[in-house]
Amino acid sequence: MLEELAPRWQAARESALYERCGGDRRRAAGAGPKQRLVFVDRLLVTLVHLRLGIPHAALAELYAVDRSTVSGAIREVRPLPAARGFAIPDRLGVRLRTLEDLFAYADAEGVDLRIDGTEVQVRRPRAHRPGRKALVSGRKAEHHQDHHPQ
């Protein structure tokens, strides 16, 4: 997976730099700020987060980086395995890339599909902050109180 995704990540990164600068790079490759997480670590952080749901802050502690570094890494890398699709056990070369692919495969193979309805706890913004009134239906919200010493 690493050999397949690394060139795609590098190409996406170069494209983003090109767009941000409005043209060819002004510095040589490797110049500028150093990446706090190399691609292998970015991929591992993303896969661990997706598989186990470990919070970004906890992963940041493990890698001794800021939470925003982990969040950015996950945001960059997450689309890569999704575009790769999901492999089917015992079916080499078959990958499901869309929900339609999944339904067609399940119908053709007589597979029953089930939806995981596990509640995911999400943080809700503090009082008097943007987004406080917006709640996502079906999510378990963690409500924060502003504590004022008296």
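Angles of 65 to 115 degrees between axes count as roughly perpendicular. Keep that range in mind for the first stop in this predicted model.

**Stop 1: the helix pair.** Select residues 39-52, helix α2, and residues 67-77, helix α4. Their axes come within 9 Å and cross at roughly 85 degrees; α2 and α4 are therefore roughly perpendicular to each other.

**Stop 2: the contact residues.** On the α2 side, show Phe39, Arg42, Leu43, Val45, Thr46 and His49.

Stop 3: Glu76 belongs to helix α4 and Arg42 to helix α2, so the pair links distant parts of the chain, 34 residues apart. The count for the model is 1 salt bridge.

**Stop 4: the second largest pocket.** Now select Met1, Leu47, Leu50, Arg78, Pro81, Ala82, Arg84, Gly85, Phe86, Ala87 and Arg95, the lining of the second largest pocket. The space inside this pocket is about 210 Å³. Elements giving two or more residues to the lining are α2, α5 (79-84) and β1 (86-88). Helix α5 supplies the largest share, 3 residues. By class, the lining of this pocket splits into 7 nonpolar, 1 polar and 3 charged residues.

How values were computed. Residues are numbered from 1 along each chain as its sequence is written. This is a predicted model: local features need pLDDT of at least 70, side-chain atom pairs count only at pLDDT 80 or more; totals for chains, interfaces and linings use all residues. Side-chain values use heavy atoms; hydrogens and water are left out. Axes are lines fitted to C-alpha atoms, for helices over the stretch in contact, and angles run from 0 to 180 degrees between N-to-C directions. Helices (H or I, at least four residues) and strands (E, at least two) are DSSP runs, numbered from the N terminus. Angles under 35 degrees count as roughly parallel, over 145 as roughly antiparallel, 65 to 115 as roughly perpendicular and the rest as oblique. Contact means heavy atoms within 4.5 Å. On a 1 Å grid over the protein atoms alone, a cavity is a set of points where a 1.4 Å probe fits but cannot get out, and a pocket is an open set with protein on both sides within 12 Å along at least five of seven lines; lining residues have an atom within 4 Å of a point. Grid points are joined across faces, edges and corners, and a volume is the space filled by probe spheres set on the points. Ala, Val, Leu, Ile, Met, Phe, Trp, Tyr, Cys and Pro count as nonpolar, Asp, Glu, Lys and Arg as charged, and the others, Gly among them, as polar. A salt bridge is a side-chain nitrogen of Lys or Arg within 4 Å of a carboxyl oxygen of Asp or Glu.
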